[in-house]
Amino acid sequence: LGRLRGMHRPRAAAARRRWRQAGAAAQLVSASQRGPSQLLGSSQLLGASGSMSSSPAAAAEMPSEVRQMVREGDLAGALDIARRTLKASGVAALQEPDLKTLAGMRWRSLFVQLASHCKPAVKAASHRPWGRLGRMLGLGRDSRPYRQRVAARYLKSSGREEWHRPFPPPPSAASASVRDAQDGTPREWPPELAQALEGTTLIFVPGLLNGLLPVRAFDPALGQLEAAVPGLRVVRARCHPMRSCEANMKDLEMAFSGGRGLRADTTPMEDTDGHVPNKIVCVCYSKGMPDLLTFLQANPQHLGNVRAVFSWAGAIGGSVLADEMLQNLKSAERSRSRLKKSILEWTGAQSSIMNVPMPLIKWATQDHGAENGTAGSADLADNYRFKEWDVVGAIESLSTPVRTAFLAEHKEEIEAWPFPLFNFTGATTADEVPFFQTSGYMKLAAYDVDNDMQLTQQDARLGFSNEIPLAVFRGHHWDVSYPQFPTHMTLGSSCLQHPFPKYPAVLAMVLLCGEMGLLD
């Protein structure tokens, strides 16, 4: 048997080399057909000042003092310089490449350290020496440190090798809240950080299909965050699941002006629950980022209350998939009213012949009394206002021509906003996405092999001077935001378990804002 293995090993290696060469040749041919500006390969995942800048070599771009501290391993001193620089020069200092790099390194350090206390995340990141057989029989164990497992599983490119950097640990209260997320025990936070977090409101802006899927984005992560962090309030913006960015501005106005929407646990707020937030941190997922950009551009009176914006796989530049879907929708229906009517008829027919608890069918066939779009009234407790649906408008807001035109028109205005725009993107592979999303991944792979099954890296980035890329995740568009789907709603897919640690990620966002002095 050993001789046979030795005989076939060189042949297998040669076959792998031929496979890699064929793939590289196909990528070059594809690049020549699309042009160099449209090809985004893995080498561009983590770049220099305008890109991710997370590689160890990025430290060479820092000013001498910070660069020397990073080389010597004095990362606490480098963070202290960053805080003092921000205090003296304001958030405009974060446009410097060295501080962008340091901010990204610090967030990834917080994320890895916190996620290493999350047992489900560590379990999903661990592997056994004998693969599936070892997992089935319980043989062997992963000897790597927890941090290394987390970094290798959930981060891409050079972020996977940063787990050993000697950054200061997060507060013990934060680590304990991840380790014992369900006990709800009050914990003592550092006085300075607790004072900075006091009075902060985190507004979460959801994406397309908000509430129509069987699970909600960042649930229960946002509820755990509000319970663990003292003085922090979480408001889920009650954005409509299927209409344009301009139409959703009234839903965001409720959150920014009166702190109204849904609670962190996705239940509707009472009339007495509202408050006027004056220190806001925004976390925007998917279409939520275009919604927020459209809202803040049209309502500059709210800019002074915003301290930071985090784009979590945000569809900033639209999506090629939305372009194709828009063409299909316009060719299928000549008017939006006919499209809305056809969907209502289809859902009604399906609900009468299928005894399946499909949320879309259940809510679409109900009349919630929202003809005038008065978001926030008692009749809209569930937020599914089907009479306000505008499928064509929603998809058109996600098309690349519309989003590109918006960014080009308002670039100087957005770059002048008095807060940083932090950015996260995802990257996955065809075997990691649900089978019914594989076609979308393959279509995007013609433009970018490091897409997240909904967006390419380029479409998920702003590209402005005030954008600060923090990380590229290994996970598809749903994995990084949604919890595990119920078994009876997976359609037989094994890729809807979504092990990505959401709570450590969003907790690291809040801690980064506190450490950088953005909440002072």
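## Aromatic pairs and the cluster

Rings of Phe, Tyr and Trp (its six-membered ring) pair if their centres lie within 6.5 Å. In this predicted model, one aromatic cluster is formed by Trp107, Phe111, Tyr154, Phe204, Phe218, Phe310, Trp312, Phe422, Phe424, Phe473 and Phe500. Across the whole structure, a search finds 22 aromatic pairs.

One of these is Phe256 with Phe295, a tilted pair with 5.0 Å centre to centre and 45° between the planes. The pair links distant parts of the chain. Phe256 sits in helix H11 (residues 249-258) and Phe295 in helix H12 (residues 288-298), 39 residues apart. Both Phe256 and Phe295 are buried.

Trp312 and Phe424 belong to the cluster. Their ring centres are 4.9 Å apart and their planes meet at 55°, so this pair is tilted. The cut-offs explain the label: planes under 30 degrees apart count as stacked, over 60 as edge-to-face, and the rest as tilted. Trp312 lies in strand S4 (residues 306-312), Phe424 in strand S5 (residues 421-427). Trp312 and Phe424 are both buried.

## A charge over a ring

Phe406 has a charged neighbour. Arg403 lies over the face of the Phe406 ring, at 5.1 Å from the ring centre.

## Helix H3

Helix H3 covers residues 75-89. Its 15 residues, at 1.5 Å each, should span 21 Å. The buried residues of H3 include Leu75, Gly77, Ala78, Leu79, Ile81, Ala82 and Leu86. Just after H3 comes Gly90, with a positive phi of about 85°.

Asp80 pairs with Arg83, and the closest N and O atoms are 3.9 Å apart. Asp80 and Arg83 are three residues apart in the helix, so about one helical turn separates them. Asp80 is partly exposed, at 33% relative accessibility. Arg83 is partly exposed too, at 32%. Salt bridges that share partners join Asp80, Arg83 and Arg84 into one network.

## Salt bridges across the chain

Side chains of opposite charge can pair when their charged atoms come close. A search of the whole structure finds 11 salt bridges.

Glu162 bridges to Arg108, with the closest N and O atoms 2.7 Å apart. This pair links distant parts of the chain, 54 residues apart. Glu162 is in the loop between helix H7 (146-154) and helix H8 (172-179). Arg108 is in helix H4 (residues 97-115).

Glu324 forms a salt bridge with Lys443, where the closest N and O atoms are 2.9 Å apart. Glu324 lies in helix H13 (residues 320-332) and Lys443 in helix H19, so the bridge ties together parts 119 residues apart in sequence. Glu324 counts as partly exposed, at 35% relative accessibility. Lys443 is partly exposed, with a relative accessible area of 40%.

## Backbone details in the loops

A cis peptide bond joins Asp219 and Pro220, with omega at about 10°. Pro220 is in the loop between strand S1 (200-205) and helix H10 (221-228).

Met453 has phi near 85°. Met453 is in the loop between helix H19 (438-445) and strand S6 (467-474). At 0% relative accessibility, Met453 counts as buried. For Leu491, phi is near 55°, again positive in a residue other than glycine. Where does Leu491 lie? Leu491 is in the loop between S6 and helix H20 (502-515). Its relative accessible area is 64%, so Leu491 is exposed. The cut-offs place the two on opposite sides: buried means under 20% relative accessible area, exposed over 50%.

Terms used:
Residues numbered from 1 in each chain as written. Predicted model: local features only at pLDDT ≥ 70, side-chain atom pairs only at ≥ 80, totals over all residues. Heavy atoms only, no water. Helix = DSSP H or I, 4+ residues; strand = E, 2+ residues; numbered from the N terminus. Buried < 20%, exposed > 50% of the residue type's maximum accessible area, 1.4 Å probe, protein only. Lys NZ or Arg CZ within 6 Å of the ring centre and 35° of its normal. Expected span 1.5 Å × (residues − 1). Salt bridge = Lys/Arg side-chain N within 4 Å of Asp/Glu carboxyl O.
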